[in-house]
Amino acid sequence: MGEYFLKRLLAMIPILIGVTLVIFFLTALIPGDVVDVLLESQFQPELAAHLRGTLGLDKPFVVRYWNWVSGLGQGDFGLSIINGRPVLSQILEMYGPSLELAIIATVVGVLIGIPLGVLSATQQFHLTDDFLRLISVIGFSLPSFWIGTLFLLMLSLYFPGFPILKFVPFSRDPVLNLKIMMIPGMTLGIAMVALIMRMTRSCVLEVIRAQFVTTARSKGLNERVVLFKHVLRNALIPVVTLVGLRFGYLIGGLVIVEEVFGIPGLGRLVIYSISKRDYPLVLGVVFFIALSFLIINLLVDILYAVIDPRISYGKKAE
Amino acid sequence: MKKTVPVALGIAASLFLLIGQIRAADQPKYGGKLVVGQDIDAVGLDPYKTTALASLNYFEQIYNSLLQFDAQGALQPELAASWENPNPTTYIFRLRKDVKFQDGKEFTAEDVKATFDRALDPKTGSARALTFKPIDRIEVVDKHTVRFILKEPFAPFLNYLASPAHSSILSKSVIEKSDPNQVVIGTGPFQMVEFRPNDTMLLKKNPQYWEKGLPYLDELEIRLIKDPSSRVAALRAKSVDHIWIMEPQLVQILMKEKGINSAMAASTARKRVFINCTKLPFNNVKVRQALSSATDRKELIRVTVMGKGELCGALPAAVGDYAFPAEKLPFYDYNPERAKKLLAEAGYPNGFKAQFKVSAAHITDQYAAQMLQRQWKKIGVEIDIVQVEWGTIIRNINEKNYEIGSMTDFWRPDPNEYIVYNWDIQARTGFTSPDLDKMTVEGITTVDHKKRVALYHEIEKKIAEYSPILYIYAHPQRFEFWSDYVKGYVPLPQCSRVNLKKAWLDK
């Protein structure tokens, strides 16, 4: 297991190098640059050229790439061109709220989605199943900005004291922070519940008809044991994969919910840095999101082995 | 006579009592925290390295300038207690002696000199180097007197000195020892406690502020809430106390709400439609005149900004007497027949197709483009609207990579900056005209007010005639709303919240 883990970590290096190339290239392709944005209404061609020179934007692509990557190799993400602050500290600041939202949404999704999925599968063709399927279709059809705005409206009308459109970091006031994050977390959680429920249902249905389940039943095992020990364990692998992918997506893709609830997270940072063409910041954030994806993938692979004992890394197949 | 004196005294006494009572009710309260819901984030905090309006909304609370504009747009002293202009190229400013920077250092003439020397230094890379190009040198006469020597008469000078966006006074020690983008220390009513880009800026009262008794607030927070509906919800939920919005539809809704005060800024932002004069068919002046004639500006005002705008030429009426009455400008009357005739004369009797680039940076840009599409269709001009992101449209227009394009605008302190011929017209539309070139330079050097006004009227007529840019209408940049427990706040026409220093909370 340890050896496998090390191998996977090493394999991440070439992937990350590939990532840096792709994001640097794509960022350079965006039309317009940071100087255009800085000079906005006061466009002066000579001054623009001067600023591009001092920022090193007139250097060839390869040189700029090397400067950035060599800094990155030493853990130096550089300074934001727009606000002059270190890129890394800004990312870490914004990473917290995004991670928190992703965790809340996932926990809500797993805790509600999996049991409902199992219930739905075991009650197939019954009224409960129809009802749950309907609910799940509605759940992932509703766009999060709509649910979010609805939550905001209801809270501001019926619970005037409830903290909305505020933000306090977890480190400063954990209770207030959780109170604030609960609603956006739920907003994201609704779609997550629907998704996980559907996935769990179809996976359970697939496994429940497998021969080993019939065997387990014919051994005279209690239906509950059959369901939780035999069916669910085997059905969970695709669900875990799905949750892992969604989690990674949530960290980097929360733009809409963050904007609706006014939460300073990574999604907002991505949009802001791209719209301002703040290159070091764009590159830093996108790199960080890619890194998160890789780490989550690794964790998911490790989880497989925990759920399914047949999957064991490192040991040779016998 | 004998009787009238006591009566008069009695009236005076009762008036005095009455005023006393009003005073007591309106006695400002100290303390508390006011939260502003801000719509766009700062593009850096160095006043000399960004020309973005968004940054001004943040740093205007921290810095002062030598002069200031009052609510009527007249010049008033700020850090300079008085000034004189012994000859057209010399200005002497006597500075206030009771001003300290937020780090405790005394404000002196050295700081003024260091600020402008830095702005003018090409190494700084400031857009203001060109703004203040006519300055030859700055001399420190004594600790509290500073003299500006100009190369030539510079009519907009005092107006620029009163605009925090152009001439916030920095501290010499910050300029020498650190970067004003990171160390933000001024002489203003509030000092920065924390700035988290993309999230919030927390400011606290400057206890040594020189305007005695101000500010009333202990803390001021500028919190970024980009989504306009969320900003409105936040004001209703009292999560924030002051917001401004651009969307005319939301304005209609909020105006009716109880417990919320509102103010409409002056119509200082022009809706500009750039026409690329280097491309066919737009290099023909008759085509541009046809487009101007086919534009029903009044309908646009009615529909796109719901009537909250004014007709304007290259200068909005808000600049005062410099603005020529827009309805009298050539090709401003809506006349599709003339437009068709002009098109036929230019060789396009059946019209043509063109692309219109527009960004989503200002919501009304898109409405205006759609209206123009409809109006111009009547003379056979088919417009294909292409939505482009903000950074891209700036670059596209700066590089003349467009046919027709629209960009947002905002308040400027002087007519000279509204009509920057060489950047806005020449560099962006490719239109050149030797007489406009000469006249816009004269607009800077002509100090005599009457002559300058006449000159700008001429310039406006010329621009309307050549139509390299169509000025459709002027609209308020934003609409301000604040809860009614915020007292003492005086909104300014130029989209500035500096008067939060006079605001206090009654709750």
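## Basis

The model is predicted; local features need pLDDT of at least 70, side-chain atom pairs need pLDDT 80 or more, and totals for chains, interfaces and linings use all residues. Residues are numbered from 1 along each chain as its sequence is written, chains are lettered from A in the order written, and side-chain values use heavy atoms, without hydrogens and water.

## Largest pocket

The largest pocket holds about 1100 Å³ of space. Its lining has 36 residues, and those closest to the centre include Asp39(B), Ile40(B) and Met246(B). H12(A) gives the largest share of this lining, four residues. Chain B elements that each supply at least two residues include helix H2 (53-59) and strand S15 (382-388). The lining of the largest pocket divides into 17 nonpolar, seven polar and 12 charged residues.

## Second largest pocket

The volume here is about 930 Å³ for the second largest pocket. Among the 42 lining residues, Leu55(A), Leu79(A), Ser80(A), Ile81(A) and Pro280(A) are closest to its centre. H4(A) gives the most to this lining, with five residues. By class, the lining of the second largest pocket has 18 nonpolar, 17 polar and seven charged residues.

Thr124(B) lies in the loop between helix H3 (109-120) and helix H4 (128-131) of chain B.

Asn416(B) sits in helix H15 (residues 415-418) of chain B. The side chains of Asn416(B) and Tyr160(B) pair at 2.9 Å.

Definitions and conventions:
Polar contact = N/O pair within 3.5 Å; in protein donor to acceptor, adjacent residues only side chain to side chain. 1 Å grid on protein atoms, 1.4 Å probe; cavity = no way out; pocket = protein on both sides within 12 Å on 5 of 7 lines; lining within 4 Å. Points joined across faces, edges and corners; volume = space filled by probe spheres on them. Nonpolar A, V, L, I, M, F, W, Y, C, P; charged D, E, K, R; others polar.
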